[in-house]
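Please keep the sequence and the structure at hand while reading.

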Amino acid sequence: MKQMINVALPKGRLGEKVYSMFEAAGYECPSIREKNRKLIFENEETGVRYFWVKPSDVAIYVERGAADIGVAGKDILEEYRPNVYELLDLKTGVCKMMVAAKSDFHDDHSKTLRVATKFVNIARNYYAGKSRDIDIIKLNGSIEIAPILGLSDVIVDIVETGTTLKENDLQVYEDIFPISARLIANKSSFQFKTEQMEDLVASLKKQVEKQ
Ligand code: PRP
């Protein structure tokens, strides 16, 4: 009998888009479209079981084997460096990691730069690469407020449409890296379910090429 593949999907708009890709690839699970608050859905015919989890938790489920595969943004993978395989770039959820500041910001290298961010490791690595002294201020959201209130000089954050920056009078100061959603796999699941996973990757690849 075919073994089920457990898939952790990021709850929210990206997850819904990604589920549509899985569905088009032949891994449909109609009950997931029902309006309710369930978090786990399965379809024995297609051999998949989906879970909705917080986007930043997907890699934890996959790394520890509670999910065989999952979908996580490159931002999360860079920040937490989970011990997983990265199988495919789904080329959706495209945005970028950047440094932003007020338009009148000038970097004074004689001073420690105050950086507000959710992405502490990314910010630390980025500035270490430039040998720039920084003071990290870890926030959990609404990062754009920090330079406006004088809490930080810059922010390290994600920009997608640029609307949040624009509406708060901030500008991109430097690009750090491009982001998109990645298909990730638990390393030992990949050894045990290689054939099934390779089929899934091949079918999803076709969907990525179609978009
Ligand atoms: C993210 C990010 C920016 C915003 C960028 O925040 O941190 O604030 O989206 O999108 P935009 O360029 O299209 O405006 P999110 O909505 O995840 O909320 P947060 O404030 O909790 O980080």
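The text below covers the nonpolar cores, the aromatic pairs, the ligand site and a few single residues. The model is a predicted one.

**Nonpolar cores**

The largest nonpolar core has 28 residues, and the members that touch the most others are Leu9, Phe22, Tyr50 and Ile69. Two or more residues each are given to this core by strand S1 (5-10), helix H1 (13-24), strand S3 (48-53), strand S4 (69-73), strand S11 (181-185) and helix H8 (194-210). Helix H8 supplies the largest share, 5 residues. Another core, of 17 residues, lies apart from this one; Val115, Phe119, Tyr127 and Ile179 are among its members.

What does Leu9 touch, leaving out residues up to four places away in sequence? The list is Gly15, Val18, Tyr19, Phe22, Ile32, Tyr50, Phe51, Trp52, Val53, Val58 and Val71. Phe22 and Tyr50, which are in this list, are also among the core members that touch the most others.

**Aromatic pairs**

In the whole structure, 5 aromatic pairs are found. One of them joins Phe22 and Tyr50 in an edge-to-face arrangement, with 5.8 Å from centre to centre and 90° between the planes. Phe22 belongs to helix H1 and Tyr50 to strand S3, so this pair ties together parts that are 28 residues apart in sequence. Phe22 is buried, at 0% relative accessible area, and Tyr50 is likewise buried, at 0%.

Tyr85 and Phe190 form an edge-to-face pair too, 5.6 Å centre to centre with 70° between the planes. Here the parts tied together are 105 residues apart in sequence, because Tyr85 lies in strand S5 (residues 85-89) and Phe190 in helix H7 (residues 187-192). Is Tyr85 buried or partly exposed? Its relative accessibility is 30%, so Tyr85 counts as partly exposed. Phe190, at 15%, counts as buried.

Phe22 and Tyr50 also belong to one aromatic cluster together with Tyr19. Tyr19 is in the contact list of Leu9 as well.

**Ligand site**

The residues around the ligand are Lys118, Gly141, Ser142, Glu144, Asp157, Ile158, Val159, Glu160, Thr161, Gly162, Thr163 and Thr164.

| Residue | Protein side | Ligand side | Distance |
|---|---|---|---|
| Ser142 | backbone N or O atom | oxygen atom | 2.8 Å |
| Glu160 | backbone N or O atom | oxygen atom | 2.8 Å |
| Gly162 | polar backbone atom | oxygen atom | 2.7 Å |

Taken alone, the ligand exposes 500 Å², and the protein buries 65% of that area.

Ser142 also has a backbone feature to check. Most residues other than glycine have a negative phi. Ser142 is not a glycine, yet its phi is positive, at about 45°. The residue is found in the loop between strand S8 (134-138) and helix H5 (145-148). With a relative accessible area of 53%, Ser142 is exposed; exposed here means over 50%, with only the protein chains taken into account.

**Single residues**

Lys91 is another residue other than glycine with a positive phi, in this case near 55°. Lys91 sits in the loop between S5 and strand S6 (95-102). Its relative accessibility is 55%, so Lys91 counts as exposed.

Gly12 is located in the loop between S1 and H1. At 29% relative accessibility, Gly12 counts as partly exposed. How far apart are the C-alpha atoms of Gly12 and Trp52? The separation is 8.6 Å, although Gly12 and Trp52 are 40 residues apart along the chain.

Glu63 lies in helix H2 (residues 58-63). Its relative accessibility of 36% makes Glu63 partly exposed. Neighbours within four places in sequence aside, Glu63 is in contact with Pro82, Asn83, Val84 and Asn186. Between the C-alpha atoms of Glu63 and Ala181 the distance is 17 Å, and these residues are 118 apart along the chain.

Note on methods
Residues are numbered from 1 along each chain as its sequence is written. This is a predicted model: local features need pLDDT of at least 70, side-chain atom pairs count only at pLDDT 80 or more; totals for chains, interfaces and linings use all residues. Side-chain values use heavy atoms; hydrogens and water are left out. A nonpolar core is a set of buried Ala, Val, Leu, Ile, Met, Phe, Trp, Tyr and Cys residues joined through side-chain atoms within 4.5 Å. Buried means under 20% relative accessible area, exposed over 50%, partly exposed in between (1.4 Å probe, protein chains only). Helices (H or I, at least four residues) and strands (E, at least two) are DSSP runs, numbered from the N terminus. Contact means heavy atoms within 4.5 Å. A residue is near a molecule or strand if one of its heavy atoms lies within 4 Å of it. A polar contact is a pair of N or O atoms within 3.5 Å; within protein, one must be able to donate a hydrogen and the other to accept it, and residues adjacent in sequence count only if both atoms are side-chain atoms. Accessible areas come from the Shrake-Rupley method with a 1.4 Å probe; for residues, only the protein chains shown count as cover. Rings of Phe, Tyr and Trp (its six-membered ring) pair if their centres lie within 6.5 Å; planes under 30 degrees apart count as stacked, over 60 as edge-to-face and the rest as tilted.
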